[in-house]
Amino acid sequence: SFTISLRAVDNTAVMIKLRPGVSPSCQIRVKNLARSELKVKPGESVTFAFTCTTPEKYFIMEIQKNIDCVSGPCPFGDVHLYPLGLPRLNRTFIWDVKASTKAGLELKFSTPWLRQVGPGETCPDFVSYNINSCIDTATVNIGTFCRNGSVSRVKLLGGVVLSLHLLWDSTLATSGFSIANRASIKRLCIIESILKGESSVTLMSPNYPLGFPEDELMTWQFVVPSNMRASVFFHNYSLSNCERKEERVEYYLPGSLSNPEVFKLSDSQPANIAGSFNLSLQGCDQDAQNPGILRLLFQVVVQPPQVDENVTHLVDLSKEYNTTVKIHFEGWPSRLPLMSEPICLICKDPRTCDRVLTLVSGAVYRISFLCKDLSRLRITAEKGISCVDLRWCQRKIYSLSVPKAITQLPIQLHKFIWKLLAPDLINIEITSPSLKLQQHVPEQRCNKSYSYSIISATPETELNVGVFCPGGSIEKIQMRNNITISLKTFGKGFLNESNHQDLKMSFVPHIKDECTFTVSPDPKAKVYLQTPNWPYGLPPYVSISWYLVVPSKQVARLGFSKDRMGIVCETGRAYVNIKEETLGAEETVRREDELLPEPRNMYHNFWVNVSNCRPVDKMQLTLQFWVTLADKQIDLGVILAVVAGAGVLLTIGLTVCCVRKKKKKKSQNPMVGVYNANVNTQMPGKQGLFTKGRKNNESHVYAVIDDAMVYGHLLKESNGSVSPEVDVYRPFDGPVGSLPPSPPPFSFRKDIKRSSNTEEPHPLMDTDHDTYTFAHQKSEQSEDNGDIMEKNNGDTMEKNNGDTSVSLLENKEQDGLVE
């Protein structure tokens, strides 16, 4: 059993009651009567017992003491825990002190002092204090505090209600505070915080987060050692709707010539303060209909002065446009360093410092650092480039390089972002003239000190083009939409490699595909290329093209990393198109339900186009292919053709020589050189192999004979076995097309060779796993050739305006449909 005896002069009452939400399975027995609660008034003595062995699970206890400092003397000094011998229950001691608003009260806390915490936060030792100020009938919650902090005193206007919460097994024997004094403060409250050594303190305005009382004023007093520096940071605040006056904070700073210094809550607060200072929060008269909420959560950090705090670094952004530079702590913005950690402050003047400093283009800054370890700081910058009129901006080439004003700082660049904005029908081209770009793929990872992440954005979708680094084979990337390029660094090597940046950007007219790559494969390495948005897959109905450049003396080997596209289309069809850029080249097309082409050799520049459908469910189109280069091997057939051609030339030469000697004996007439402009100089071969016409060909044939002879007599004498018309193979060096192959239609016709008569080919049905090819012949190219050819299955004789020269042409029928 327990006995509680209370003296009347102590004005203390004890209440034992059930914990909220607990069933009354345990009761209090007083004189054989069971009850669920017990109240002991001042001057009473009660003996009681519990009907269970663990009453702390069911009951709580409140001990309230009323102290009158208005009508009688105020009991200054330590406040004790009374009465003793209470049962071991969770208990709350409440001291309700009445005082005049003209006098006020000062509460002094013994070491280890108090630390303010947010509402609902639990103290490590489960010992907490709650302080409320009572002005007439209004109550203001000054805050909740734990032990082990910096708050040493609290002065309040009017009375105070202080609560101390203890667990049932707490061994705390003293209240930890005293009533120190009465003094008129003419403001809501004053909180004193003593900061020792390198430390920090977090404080909140009264009634946080519900709102600071209207038109009130309160002050925090900070005691800072003379050999330390203090900085103030506002972490969370909101403003009310003021009708009169203005919400603000005021500082009394040591050595200031303009105390008090007034700041808005949105301003950067003073930093690097040498010595003790005061900070006051002033409210305003609020709008009665929509008052809003004034609240403030801030932090004061104390650290020793830095040796290099007077060392300034020049950051000249006066010639930059639309650029923002942020210097911040590592991990920002996802986290800021805990104030228990050593922090780094960046200052743009001796008193304006913060953990995040923003610099804008068009200005010059002299910054300094209050930081022991600069390696924890990072730089993130952003630059915007836009085009409104293509006629003006198409002539410009923009350099996407990090300004030297940033790279010269003793801080690691974390990221530099270029936001490239282009209106409709204006596209963006990215080039790297000297270094070129390498796409980061699993088989070919970037190992440089920096890389570029390229994202193309439309109002509907966002296409992650990929990650690229310098030193590859990609010369150019063209994209249709607004682009975001993010340069990200890895390690400290970027400071040395930043001098060699050569990424360029320009605005170009509208392109056909969502994205087009121009690639010049490395002759010594295997080049891997993959579709954008890897590994999540291309968005529906997006078309991507690669234009691969093959040197004239080399051959490219093209292969795919898997045998199928791996998707099933819900609507539309997905295609892979491959086509060499040469006259009459076959276009290879594969659908999503067909096997991808086997590795093949490509002898000319060629296109690879991937067009997506709308896939079924979550299946997405991801495709990767590779390209290698090798030197061309000399073909035995070519050698034999050259030898045969030399033999023909030799035979013609001997024949002409013999004829000339025979004619010299018959006649001494002077020889006449006749230029035959209609001789065909094209060797037999595939139709359309050369695109140069006779008008542009310089390899015409001259025959030196007398006026009595014509070229056709030689054919008769040689029985047609010798062709006087011989040409030498000349590689094509004329203009080529620049457009990727068009995505194929949804239905195809198989290729059929035409017979000798002009009967049209019969249509055939589609068959899976077949190769569908197209031979595209441009009408303008055939017109430019200047030759009129009659097409049939055999050789074709070409007659030139009544000239007696005859040329044998072999006309092979091209496989595929002829446009």
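Modeller: This is a predicted model. I will start with E475, which is partly exposed at 31% relative accessibility.

Colleague: What makes E475 partly exposed at 31%?

Modeller: Buried requires under 20% and exposed requires over 50%. E475 has 31% relative accessibility, so E475 counts as partly exposed.

Colleague: Why is the contact between K436 and E475 called a salt bridge?

Modeller: The rule asks for a side-chain nitrogen of Lys or Arg within 4 Å of a carboxyl oxygen of Asp or Glu. The N to O distance for K436 and E475 is 3.5 Å, so the pair meets the rule. K436 lies in the loop between β37 (426-431) and β38 (437-439), and E475 in strand β41 (residues 474-479), so the pair ties together parts that are 39 residues apart in sequence. K436 is partly exposed, at 21% relative accessibility.

Colleague: How do you know that E330 and R378 form a salt bridge?

Modeller: Their closest N and O atoms are 3.3 Å apart, and the cut-off is within 4 Å, so the pair qualifies. E330 sits in the loop between β29 (323-329) and β30 (345-349), while R378 belongs to strand β34 (residues 377-386), so the contact ties together parts that are 48 residues apart in sequence.

Colleague: Are E330 and R378 buried or partly exposed?

Modeller: R378 has 12% relative accessibility, which is under 20%, so R378 is buried.

Colleague: How many salt bridges does the rule give?

Modeller: The count comes to 18. R573, R591, E592 and D593 are linked in a network of salt bridges.

Colleague: Why are β45 and β54 called paired strands?

Modeller: Pairing needs at least two bridges, and four join β45 (residues 527-530) to β54 (residues 624-631), so the two strands are paired. They run antiparallel, and Q530 stands opposite Q624 in β54.

Colleague: What makes β47 a partner of β54?

Modeller: Strand β47 (residues 554-560) has seven bridges to β54, where at least two are required, so β47 and β54 pair, in the antiparallel sense. V555 has A630 in β54 as its bridge partner.

Key: Residues are numbered from 1 along each chain as its sequence is written. This is a predicted model: local features need pLDDT of at least 70, side-chain atom pairs count only at pLDDT 80 or more; totals for chains, interfaces and linings use all residues. Side-chain values use heavy atoms; hydrogens and water are left out. Buried means under 20% relative accessible area, exposed over 50%, partly exposed in between (1.4 Å probe, protein chains only).
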